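Student: Could you take me through the ligand site in this one, slowly and in plain words? I'd like a close look at that one part and whatever it connects to.

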Amino acid sequence: MDLPTYAIEAKALVKTYPATKAVPAKQALKGVDLKVARGSIFGLLGPNGAGKSTFINILAGLVKKTSGEVKLWGVDIDQHPRTARAAIGVVPQEIAADVFFTPRESLEVQGGLYGVPRGERRTDQLLAALGLTDKADAYVRQLSGGMKRRLMVAKAMVHSPPILILDEPTAGVDVELRRQLWEYVRELNQLGVTIVLTTHYLEEAEALCDTIAIVNRGEVVACEPTRTLLGRLDTRAVVVTPQEPLAHAPSLVGFEGRLRPDGRLAVSFKSGAGGEVEAVLAAVRAAGVGIKDLSTEEPDLEDVFLALTYGDPNAADPTRD
Ligand code: ADP
Ligand code: MG
């Protein structure tokens, strides 16, 4: 088969977790369209509860989608589930270490599960690549958290999949290990492996990924090259509390104003040579708006979320689940 243009293609992917006695039904994915180009290091970035793990777990076959289509390496997961899934290695968010095996045994068993013939297994190579050679014959329960996580990555790679998917690979791990993992991810990518990782750290996505999709409340609110996305982060906002409540955002000369649900007027501008705040305030005054109070906001991920999800009444709810 020709190499696919996209390593992963999801179309209109919906997941509704059914209600239980304890919790109401939850639509965790609301029609997600995503394409991951072959060869990419692709970041799925979003706050806790955004739906990142649900997306990954559907690809991995751990969660059953409600509707929509997914192709892995060009193969539909409904039509040819085994072939499709053979194209991915997944490192889940939760570390599940088999306590009765050594890392070497663990990799051998995993290779067996994937039908990798004994002679073609790369156990020693994987142990070395993940810095586990010293611990190859130790019991897994004797490994540190960081070592267990590296072992999970090695396990995901036993069948040499063209796509490696990492769900929050560095959540709660120390800086040193984070660097090591990034390094390994980059090496794999240079060898041609397409990488998808989820994270809620902007800086991680920024450091590693060539493309970033931002997910919020089960929806993709942006998907673009990292550089383009970071360009948006130069955007800052002057947030004005008007003296009198405004019914709608006034039209401003040279700027776009947004009325936030809390009644404040947010005016975005590109930070540049300086003097922009003055210009914004002049435009606000010229529109006849009295200024009671004001602040300028730091360009953080939250701002981008706000800018991208503005108009979605749910997005303003600070009590994220
Ligand atoms: P993320 O990985 O981005 O933090 P998740 O995919 O884990 O987000 O969760 C998305 C939403 O789906 C959350 O509101 C979460 O509470 C809900 N959810 C996740 N798993 C389940 C489940 N097994 N049953 C019910 N709801 C779930
Ligand atoms: Mg998650």
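Tutor: Start with Ala50: one of its backbone N or O atoms lies 3.2 Å from an oxygen atom of ligand 1. Gly51 comes in with its backbone too, with a polar atom 3.0 Å from an oxygen atom of ligand 1. Tyr17 uses its side chain instead, where an N or O atom is 3.5 Å from a nitrogen atom of ligand 1. Polar contacts here are pairs of N or O atoms within 3.5 Å; within protein, one atom must be able to donate a hydrogen and the other to accept it, and residues adjacent in sequence count only if both atoms are side-chain atoms.

Taken alone, ligand 1 exposes 560 Å², and the protein buries 65% of that (areas are from the Shrake-Rupley method with a 1.4 Å probe; for residues, only the protein chains shown count as cover).

A word on ground rules: this is a predicted model, where local features need pLDDT of at least 70 and side-chain atom pairs count only at pLDDT 80 or more, while totals for chains, interfaces and linings use all residues. Residues are numbered from 1 along each chain as its sequence is written, chains are lettered from A and ligands numbered from 1 in the order in which they are written, and side-chain values use heavy atoms, with hydrogens and water left out.

Now the whole shell. Ligand 1 is surrounded by Tyr17, Lys26, Ala28, Pro47, Asn48, Gly49, Ala50, Gly51, Lys52, Ser53 and Thr54 (near means that a heavy atom of the residue lies within 4 Å). By class, that makes four nonpolar, five polar and two charged residues (Ala, Val, Leu, Ile, Met, Phe, Trp, Tyr, Cys and Pro count as nonpolar, Asp, Glu, Lys and Arg as charged, and the others, Gly among them, as polar). The largest share of the shell, three residues, comes from α1 (helices are DSSP runs of H or I with at least four residues, strands are E runs of at least two, numbered from the N terminus).

So what about α1 itself? Eight of its nine residues are buried, so α1 is largely enclosed by the rest of the structure (buried is under 20% relative accessible area, exposed over 50%, partly exposed in between, with a 1.4 Å probe and protein chains only). The buried ones are Lys52, Ser53, Thr54, Phe55, Ile56, Asn57, Ile58 and Leu59. After α1 comes Gly61, with a positive phi near 85 degrees.
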